[in-house]
Amino acid sequence: MLLKYIRCVHRFYPHLTSPSKGEAPAPKGTPFEPGGGTLVAMADLSSCLLPVPDDLTRPYWQAAWEGRLELPRCTACGRWRFPPIATCDACGSPAFAWTPVSGQGNVYSFGVIHENFIKGFDPPYVVAQIELAEQPGLCIMANILDCPPRRVAIGMAVSVTFEQVSDTIRLPQFRPVG
Ligand SMILES: [Zn+2]
């Protein structure tokens, strides 16, 4: 169940999570290799880390391309669930609909990446969990843009913005409010 959840998360955040088996090569000796140690060659994984929409994630990426953040919401009880696990953890219903959220939230947790393991990524940068205003515990992973990493703080108010990274993909990202 946990592995299934992690794979589901990776489908939404390939650009923020390390490559998993079968999706991208993990050169020997890189930090992506389980138990791996020294970085011996810089991995050029930036292109294969771009999201590839599939039947599950296509509505999410289509909405992002059009400038909306949409997340799955249980059509039986109204609870948000992201990523869209098989059944609602409140009522057990499998039914959900992709529904717009406000894009407002707060930094729930974050880390600052200082090492440049992947070409195309320019450290230092922030990988954060954003707790959205719609529901306690409803979190989305993103980078924090337009803000020096040293200024990012737990609880900081942020709002969504969309970063175009290819001809078809705009990533939901966040920036400080005000
Ligand atoms: Zn429900």
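Two residues count as in contact if their C-beta atoms, placed from the backbone, lie within 7 Å. On that basis, residues 24 or more positions apart account for 48% of the contacts in the chain with a separation of 6 or more.

This is a predicted model: local features need pLDDT of at least 70, side-chain atom pairs count only at pLDDT 80 or more, and totals for chains, interfaces and linings use all residues. Residues are numbered from 1 along each chain as its sequence is written.

## Confidence

pLDDT is the predictor's confidence in each residue, from 0 to 100. The chain averages 81, and 74% of the residues score at least 70. Over residues 18-45 pLDDT stays under 50; the model has 32 contacts beyond four places in sequence for this stretch. Where pLDDT is low, the predicted coordinates should not be read in detail.

## Elements and sheet

Helices (H or I, at least four residues) and strands (E, at least two) are DSSP runs, numbered from the N terminus. The chain has two helices and seven strands. Their order from the N terminus is α-α-β-β-β-β-β-β-β.

Strands pair if DSSP finds at least two bridges between them. Five strands form an open sheet, in the order β5-β4-β3-β6-β7, with antiparallel pairing. β5 and β7 are the edge strands, each pairing on one side only. From one strand to the next, the twist averages 40°. For such angles, axes are lines fitted to C-alpha atoms, for helices over the stretch in contact, and values run from 0 to 180 degrees between N-to-C directions.

Two pairings can be followed residue by residue. β3 and β6 run antiparallel and are joined by three bridges. Here Q104 stands opposite S159 in β6. Seven bridges join β6 to β7 (residues 170-176), again antiparallel. In this pair V160 stands opposite F174 of β7. β6 and β7 form a hairpin, with five residues between them.

## Burial and core

A residue is buried if 20 or more other C-beta atoms lie within 10 Å of its own, exposed if 12 or fewer, and partly exposed in between; the C-beta atoms are placed from the backbone. Of the 178 residues of the chain, 21% count as buried.

A nonpolar core is a set of buried Ala, Val, Leu, Ile, Met, Phe, Trp, Tyr and Cys residues joined through C-beta atoms within 7 Å. The largest one has 20 residues, and A128, I130 and F174 touch the most other members. α2 (58-65), β4, β5, β6 and β7 each supply at least two residues of this core. β4 gives the largest share, four residues. In soluble globular proteins, nonpolar side chains tend to be buried together.

What does A128 touch, not counting residues up to four places away in sequence? The list is V107, S109, F110, A142, I144 and V152.

In α2, the residues Y60, W61 and A64 are buried. Seen down the axis of α2, its buried residues fall within an arc of 90°, so they line one face of the helix. That arc is taken over the directions from the helix axis to the C-beta atoms. Just after α2, G67 takes a positive phi of about 85°.

## Y125

Y125 lies in strand β4. Y125 is partly exposed, with 15 other C-beta atoms within 10 Å. Leaving out residues up to four places away in sequence, Y125 touches I113, N143 and P149. Y125 and H114 are eleven residues apart in sequence, and their C-alpha atoms are 7.0 Å apart in space.

## Backbone points in the loops

The model has cis peptide bonds at F82-P83 and at P123-P124. Both are tabulated here.

| Cis peptide bond | Omega | Loop that holds the proline |
|---|---|---|
| F82 to P83 | about 0° | P83: between β1 (70-74) and β2 (96-100) |
| P123 to P124 | near 0° | P124: between β3 (104-113) and β4 (125-132) |

Which residue other than glycine has a positive phi near 55°? D146 does. D146 sits in the loop between β5 (139-143) and β6 (157-164). D146 is exposed, with 9 other C-beta atoms within 10 Å.
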